[in-house]
Structures are given as structure tokens and as C-alpha cells.
Amino acid sequence: MKIERSNLIASLEHEMVSNTQWLRIHAAEGLLDNGESGKIVELFRPDENAPAPYRIGVWRVLARSTTDAERDFYIGRIREVMHDP
């Protein structure tokens, strides 16, 4: 079981690093769902001002992988976009 989990984590990390856009988002969320945050903030912070709609995914990942204050900041950004007609 530990080997399977290790292979899963390695696969998700590989996809997060080697892919772009939404594939990266989904891989990062899979890592977060499995208690792994590793290099997520380091990899995603440069993309926080990326074009929409990708940046919403970036904010979602950063909200889940940063401090409470930063989480609130990213959630606030997501809410602003949701309320903007």
C-alpha cells in the first residue's frame, strides 16, 4: 500500500511540474487531497496573475496550500470575480 501511495504521489508531482494550465491545477489538488503540499506554493505563486480563467484555479490551489491569512486573501479574490458581472 505504501508503494502504491508513493507511486501516486510521484505521478501527481510529475504531472504538476511537467504540464500546464488545468492539468497542473488538477494534479496539485490531488496532492492537496492526499496531504501533500510540497512545492505547490513555490510553483503556483508566479501564476497568480495569469489570464482568466486559469488564474481562478491558481487562486483555488493557493488558498488551500497557504496560511490562513493568505487563504482568506485568495478566497476574497475568487469572490470578487464571482460577483463581477
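Visitor: Which residues is Arg24 in contact with, leaving aside its neighbours within four places in sequence?
Guide: Glu15, Met16, Asn19, Leu43, Phe44, Asp47 and Tyr54. Contact means heavy atoms within 4.5 Å.

Visitor: What should I know about the model and the numbering?
Guide: This is a predicted model, in which local features need pLDDT of at least 70 and side-chain atom pairs count only at pLDDT 80 or more, while totals for chains, interfaces and linings use all residues. Residues are numbered from 1 along each chain as its sequence is written, and side-chain values use heavy atoms, with hydrogens and water left out.

Visitor: How confident is the predictor, going by the mean pLDDT of the protein chain?
Guide: The mean is 94, and 100% of the residues reach 70 or more. pLDDT is the predictor's confidence in each residue, on a scale from 0 to 100.

Visitor: What makes up the secondary structure of the protein chain?
Guide: Five helices and zero strands. Both come from DSSP runs numbered from the N terminus: helices are H or I with at least four residues, strands are E with at least two. The C-alpha trace spans about 45 × 25 × 20 Å along its principal axes.

Visitor: Where does the charged end of Arg24 sit?
Guide: Over the ring of Phe44, 4.6 Å from its centre. The test asks that NZ of Lys or CZ of Arg be within 6 Å of the ring centre and within 35 degrees of the ring normal.

Visitor: Which helix holds Arg24?
Guide: Helix H2, residues 21–33. Buried there with Arg24 are Ile25, Ala27, Ala28, Glu29, Gly30, Leu31 and Leu32. Their cover includes H1 (2–18), H3 (40–44) and H4 (54–65).

Visitor: Which peptide bond is cis?
Guide: The one joining Ala52 and Pro53, with omega about 0°. Pro53 lies in the loop between H3 and H4.

Visitor: What makes a nonpolar core, and which residues have the most contacts inside the largest one?
Guide: A nonpolar core is a set of buried Ala, Val, Leu, Ile, Met, Phe, Trp, Tyr and Cys residues joined through side-chain atoms within 4.5 Å. The largest has 19 residues, and Met16, Ile40, Phe44 and Val61 have the most contacts inside it. H1, H2, H3, H4 and H5 (68–83) each give two or more residues to this core. H4 gives the largest share, six residues.

Visitor: What is Met16 in contact with, leaving aside its neighbours within four places in sequence?
Guide: Arg24, Ala27, Ala28, Leu31, Ile40, Leu43 and Phe44.

Visitor: How many aromatic pairs does a search of the whole structure find?
Guide: Two. Rings of Phe, Tyr and Trp (its six-membered ring) pair if their centres lie within 6.5 Å; planes under 30 degrees apart are stacked, over 60 edge-to-face, the rest tilted. Trp22 and Tyr54 are 6.3 Å apart centre to centre, with 85° between the planes, and form an edge-to-face pair.

Visitor: What does the pair of Trp22 and Tyr54 tie together?
Guide: Trp22 lies in H2 and Tyr54 in H4, so the pair ties together parts that are 32 residues apart in sequence. Trp22 is partly exposed, at 29% relative accessibility. Tyr54 is buried, at 4%.

Visitor: Why does the pair of Phe73 and Tyr74 get its label?
Guide: The ring centres are 5.1 Å apart and the planes stand at 70°, so this pair is edge-to-face. Phe73 counts as partly exposed at 45% relative accessibility, and Tyr74 as buried at 2%.

Notes
Buried means under 20% relative accessible area, exposed over 50%, partly exposed in between (1.4 Å probe, protein chains only).
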